[in-house]
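Hi everyone, thanks for coming. Please have a look at the model on the screen, and then we'll walk through it together.

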Amino acid sequence: MSTFFSDTTWICLAVPTVLCGTVFCKYKKSSGQLWNWMVCLAGLCAVCLLILSPFWGLILFSLSCFLMYTYLSGQELLPVDQKAVLVTGGDCGLGHALCKYLDELGFTVFAGVLNENGPGAEELRRTCSPRLSVLQMDVTKPVQIKDAYSKVAAMLQDRGLWAVVNNAGVLGFPSDGELLPMTDYKQCMAVNFFGTVEVTKTFLPLLRKSKGRLVNVSSMGGGAPMAKLASYGSSKAAVTMFSSVMRIELSKWGIKVVSIQPGGFRTSIAGTSDKWEKLEKDILDHLPAEVQEDYGQDYILSQKNFLLFINSGASTDFSPVLRDIQHAISAKSPFAYYTPGKAAYLWLCLAFYLPIGIYNYFAERNFGKDEPMPRALSMPNYKRKAT
């Protein structure tokens, strides 16, 4: 009987590995998500060879490589051919960079902006090609969305719209969920979630014509719970679930739905220091006296330090997100989820697979280790009130 490491076995191992490696090398620059797939495959290989019998380990590993090869073979990018793409939130940050990036690739870009006369809109007109059009579109105002739809439909005529990228979003003020005013929750939901739904529903007739793509920019915080982000994380979790449901419903129309869940990138979503001070003042002005007494003013005023903390670890290089969105728009068979950014995929896996207590421990160690305690918890004689 031949041994496990016979020539035949090595050939059986080599063939699927080479097939996967060939496809991966061909498309590795198109999406960072391929790295996550390869890491998972390597882990599966180790499990198969260490836990299972040699024969079944080889069989399962070969089958996994074959399925991976079949799936990754669909990552070929379709020709741009002046395909039309609508991007919301094009004034600044990621949306602004994405509009420029897609324009450089040859797409016909419709840049939805909060202020068509603002500096971001003017820069797009000045630096981009005539293929890019700036549209006034506050995603919280249905009238502006419908007006933008009419303009896009008139310009495209019978071509159809290839992709909609719902990127517009706000962060709100990062603070304990109890401290946040309801206006903060409502604003995050209005922009991040209801704005995404409104734009999607309005432009779907054009997407059905092209059998194109719906790309919704969610967040790592929409799948991995993080302290201080109750309003933002909840709205992004809603976007992720909305994308998942629409993926099922729109498949019969030939529309592919993609969810982008970026990690930490330094955009302008957090707003300016003036905005932080205003939100901070709103919190202090509207908190019940008992809550303000328990937390203490020093603790409340320290909340904005979290913005400085997350910005210090955020990347200014948008290229991982831009490449993933390009892949979502252009790939023959795009992934359902993309997780660009440092450790985004890892945190989502930890949140999904780890017991809650262990995940909370890691989250507190990484995001709240230097945070001050509320006033009441800092008092030696404090006793929790009975519920």
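Let's start with I329: setting aside neighbours within four places in sequence, I329 is in contact (heavy atoms within 4.5 Å) with V85, L102, F107, W162, A163, V165, R213 and V215. Before going on, a word on the source: this is a predicted model, where local features need pLDDT of at least 70 and side-chain atom pairs count only at pLDDT 80 or more, while totals for chains, interfaces and linings use all residues. Residues are numbered from 1 along each chain as its sequence is written, and side-chain values use heavy atoms, leaving out hydrogens and water.

Now, the core. A nonpolar core is a set of buried Ala, Val, Leu, Ile, Met, Phe, Trp, Tyr and Cys residues joined through side-chain atoms within 4.5 Å; buried means under 20% relative accessible area, exposed over 50%, and partly exposed in between, with a 1.4 Å probe and protein chains only. The largest one has 32 residues, and I329 is among those that touch the most other members, as are V85, L102 and V165. Apart from it lies another core of 31 residues, including A148 and F203.

Helices here are DSSP runs of H or I, at least four residues, and strands are runs of E, at least two, numbered from the N terminus. Which residues of α6 are buried? They are Q144, I145, A148, V152 and L156.
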